[in-house]
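Hello,

Here is the structure I said I would pass on. My notes on it follow below.

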Amino acid sequence: MSEGTSLVMESSENGTDLSQDDIGSVEEIPEDTILSRQTSVNLVPFIGQRFVSQDAAYEFYCSFAKQCGFSIRRHRTRGKDGVGRGVTRRDFTCHRGGYPQMKPSEDAKLQRNRKSSRCGCQAYMRIVKRADFDVPEWRITGFSNIHNHELLKPNEVRLLSAYSSISPDDKSRICAFAKAGMSVRQMLRLLELEKGVKLGCLPFTEIDVRNLLQSFRNVDRGNDAIDLIAMCKKLKDENPNFKYDFRIDGHNRVEHIAWSYASSVQLYEVFGDAVVFDTTHRLDAYDMLLGVWVGVDNHGITCFFGCVLLRDETLRSFCWALKTFLGFMKGKAPQTILTDQNVWLKEAIAIEMSATKHALCIWHISVKFSDWFSVLLGSRYDDWKAEFLRLYNLELVEDFEQEWRAMVDKYGLHENKHIASLYALRTLWALPFLRCYFFAGMMSTFQPESINALVQQILSAQPQLDHFIERVADIVDFNDEVGAKQKMQQKMNKVCLTTGSPIESHAVAVLTPYAFNKFQEEFVSAPKYASILVDEGYFLVRHHTQVDGGSKVIWVPRQQLISCSCHHFEFSGILCRHVLRVLSTNNCFHIPDQYLPARWRGVNSSSKATTPRDHAERIQLLESMVSTIITESMETEERLDEACEQIAMVLSHIKELPRPTHNGVDRSRKQRHCSLSCCGQFEHDSSDCPLIEGDNLNDDALGFL
């Protein structure tokens, strides 16, 4: 065991003790080896500690490890990104955990005798994903600081590769120094002076800086950005529907450049009603701001609309970006747009998209709460966060205003600048002020994970500057393929109807599985509410436990008009439980078409023509179904016989269906072409040509023909 301090804590995901198989063997620790809470940095992990994301937990444990004298690495996970609930558990271990594995050699080749630092160290930290109040967060459920090796000294630990990384701010500074013509050693010395550290004590070395500059092609961003224009022109020549535009400044440099792919424009035509414009990242390779337009399709999958690189964050730059994007999309502005907090972007949207409702992403706000309030509120922080999220989800503006003041009084936040700023901007983020506008479900907290994953993939394409836009196209295509597989899986999963109501049967026949699940959540909850007729066409709907209050529903059957004061339909495009309760209790068995929006409908129920992408998805679905039939049929002879019989019947029926025609001619028949030079007609071949059916043609004549 190391001479350093050590600590063991373990808790199960359900709050109970874990089995030995789950945590491995852990020996009992003497009291004098327990890590003191009075460390210099007070960064000791503890059971129940919470983080907003995996990355936040990783950074915290990384800081703790650096203070102790070791580094960490990501280890086992439970779950997988893009499948089910995604990753639900993550283990971080000491960099010397585990043992080196010998790879089997091929053709008796000698392998290099590489030395490994792994020695089976048992130190680790485990985090588990929870979702309280519909806000996902990560909690520590296991922690051990037992090491079977010596821990490094502070002047040694900084040389580990895990701590030799260069932060984004330092990268930007180094790029600026390089543009000014400074040498690498001058850059390092200036950074040491700025950070107030001793000579040679930066978290990175001279080699790291030289590698960074080399990855940026000697920081020649001017030529790199010009190369982007050449890439765009090439893609435009290959596909005329590819869109791009740019602006050159007075120094003949690319000031701004934006582009969108043909598939992205097609997706925007259908799903461009609600858009997220993410401008929270920079592309260090070009020293430019990266902006990404994304949305969500009818299956709840993130779709890419366009990209922009801006030299600066000014009103003029954002206006150019928004105007260019609208040009790509034939002037069609979204109904709503979500952004991060930026005063110039807010003004630009008011100028270029005056009819579009602008809102702030709640996830960009809530991610800062830990830094703003955790120290200030201490043990009351969790209670305050739960109270804030409750206020965020209120329905009425009056209730929000009243309860916000009560919350400020309760926690003594009258003088807090962050609370004052949040209240000043409340009409841009609080749901009581936004429920009348359609956001396609993107105001929830689960959607940003998929959006951020797409942005991170785009950022990862920086090293390949020669083909950056093509790499982004590959990323978009790959995400489209992943989305197609998810849609196919949704279609193959059997949808379970919870009631025998015709309303539910109607909805499942029209909506996509994703949209129907949202609808079903409301429909199942509807019976818990009482519907009270107040006046003709006017109903008061409230939960069975409520004595007063409730939502006001207006229903005009003759005109097929219905509305609710909760504005759930306007906000999400899905009818609310209050409306569904009124329809059910008043013998309405069919949902009016206008309350099953086209953007949430499946391909077959949509009135729009089927796109090539939808056609390809259905072919993939058919191939998957055939593969499943073969797998299931092979188990027994009875299954195989039944499958052959049923498939033969289906195939016979399909052959009886009319074939596609071209100018009135059956394409399958048109493909039969007589090869005889004297005929050359369609609909038959040389074997049954009418010219040679007569008896007057002998062998010589046939040979001539």
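Two strands count as paired if DSSP finds at least two bridges between them. The model is a predicted one.

On that basis there is an open sheet of seven strands, with mixed pairing and the order 7-8-11-10-9-12-13. Strand 7 (243–248) and strand 13 (357–360) form the edges; each has a single partner strand, so one side of each is left without a neighbour in the sheet. On average, neighbouring strands here are turned by 20° against each other, direction ignored.

Within the sheet, strand 8 (residues 254–260) and strand 11 (residues 302–310) run antiparallel and are joined by four bridges. Trp-259 has Cys-307 in strand 11 as its bridge partner.

Two helices to look at on the sheet: helix 9 (residues 315–328) touches strand 7, strand 8, strand 9 (274–283), strand 10 (288–296) and strand 11, and its direction makes about 30° with that of strand 8. Helix 10 (residues 343–352) packs on the sheet as well, touching strand 9, strand 12 (336–339) and strand 13, with its direction at about 170° to that of strand 12.

There is also a helix pair. Helix 12 (residues 369–377) packs with helix 13 (residues 381–392) at an angle of about 130°, and their axes are 9 Å apart. That angle makes helix 12 oblique to helix 13. Which residues meet there? From helix 12 they are Phe-369, Ser-370, Phe-373, Ser-374 and Leu-377; from helix 13, Tyr-381, Trp-384 and Phe-388. By class, this contact has six nonpolar residues, two polar and no charged ones.

Regards

Key
Residues are numbered from 1 along each chain as its sequence is written. This is a predicted model: local features need pLDDT of at least 70, side-chain atom pairs count only at pLDDT 80 or more; totals for chains, interfaces and linings use all residues. Side-chain values use heavy atoms; hydrogens and water are left out. Axes are lines fitted to C-alpha atoms, for helices over the stretch in contact, and angles run from 0 to 180 degrees between N-to-C directions. Angles under 35 degrees count as roughly parallel, over 145 as roughly antiparallel, 65 to 115 as roughly perpendicular and the rest as oblique. Contact means heavy atoms within 4.5 Å. Ala, Val, Leu, Ile, Met, Phe, Trp, Tyr, Cys and Pro count as nonpolar, Asp, Glu, Lys and Arg as charged, and the others, Gly among them, as polar.
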